[in-house]
Amino acid sequence: QVQLVESGGGSVQAGGSLRLSCAASGYIGSDYCMGWFRQRPGMKRERVARLVIGFGNIHYTDSVRGRSTISHDSLKNTLYLQMNSLKPEDTAVYYCAVGRAISDHQCHTDPSKYDFWGQGSQVSVSS
């Protein structure tokens, strides 16, 4: 069983930065993906960044690419999302998640394919 505990959300002005953390307890195999999803008000949960544990393959959704960096500290078993140049449209509840990888370079985008979830972190960006 994997438990995920998030921290680092908050309120910032547009152009600011935040770093989200997701501390995992329990074993996560190298054939798993860890990712960050967000759910904006009135919208479906969407994946914004992910990596394949053990292979390091990383992918960002277009809306955050170039502004965000996902990383994983294997010693701490902690996933991070550094978000820079934040925009009001980044306002959402952000969730970390763990799910089985499709391959060494592919992960599911469908949230229902992820088995474990963090509690969610509110990120609010004001203009």
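The following legends describe close-up views of a predicted model.

This is a predicted model in which local features need pLDDT of at least 70 and side-chain atom pairs count only at pLDDT 80 or more, while totals for chains, interfaces and linings use all residues. Residues are numbered from 1 along each chain as its sequence is written, and side-chain values use heavy atoms, with hydrogens and water left out.

**View 1. The aromatic pair Tyr95 and Trp117 is edge-to-face.** Rings of Phe, Tyr and Trp (its six-membered ring) pair if their centres lie within 6.5 Å; planes under 30 degrees apart count as stacked, over 60 as edge-to-face and the rest as tilted. By this rule the model holds four aromatic pairs. For Tyr95 and Trp117, the centres are 6.2 Å apart and the planes make an angle of 85°. Tyr95 belongs to strand S9 (residues 92-100) and Trp117 to strand S10 (residues 114-117), so the pair ties together parts that are 22 residues apart in sequence. Strands (E, at least two residues) and helices (H or I, at least four) are DSSP runs, numbered from the N terminus. Tyr95 is buried at a relative accessible area of 14%, whereas Trp117 is partly exposed at 26%. Here buried means under 20% relative accessible area, exposed over 50%, and partly exposed in between (1.4 Å probe, protein chains only).

**View 2. Arg45 sits over the ring of Tyr95 and over the face of Trp117.** A charge sits over a ring if NZ of Lys or CZ of Arg is within 6 Å of the ring centre and within 35 degrees of the ring normal. The charged end of Arg45 is 3.7 Å from the ring centre of Tyr95, and Arg45 is 4.8 Å from that of Trp117. Tyr95 and Trp117 form one aromatic cluster with Phe37 and Tyr114.

**View 3. Strand S9 is largely enclosed by the rest of the structure, seven of its nine residues being buried.** Two strands pair if DSSP finds at least two bridges between them. Strand S4 (residues 32-39) runs antiparallel to S9 and is joined to it by eight bridges; Trp36 has Cys96 of S9 as its bridge partner. Three bridges join S9 to the antiparallel strand S11 (residues 121-126), where Gln122 stands opposite Val93. S9 and S10 also pair in the antiparallel sense, over three bridges, and Ala97 has Trp117 of S10 as its bridge partner.

**View 4. Val5 lies in strand S1 (residues 3-7).** Val5 is exposed, with 52% relative accessibility. Leaving aside neighbours within four places in sequence, Val5 is in contact (heavy atoms within 4.5 Å) with Ser21, Cys22, Ala23 and Gln119. Val5 and Ser21 are 16 residues apart in sequence, and their C-alpha atoms are 8.0 Å apart in space.
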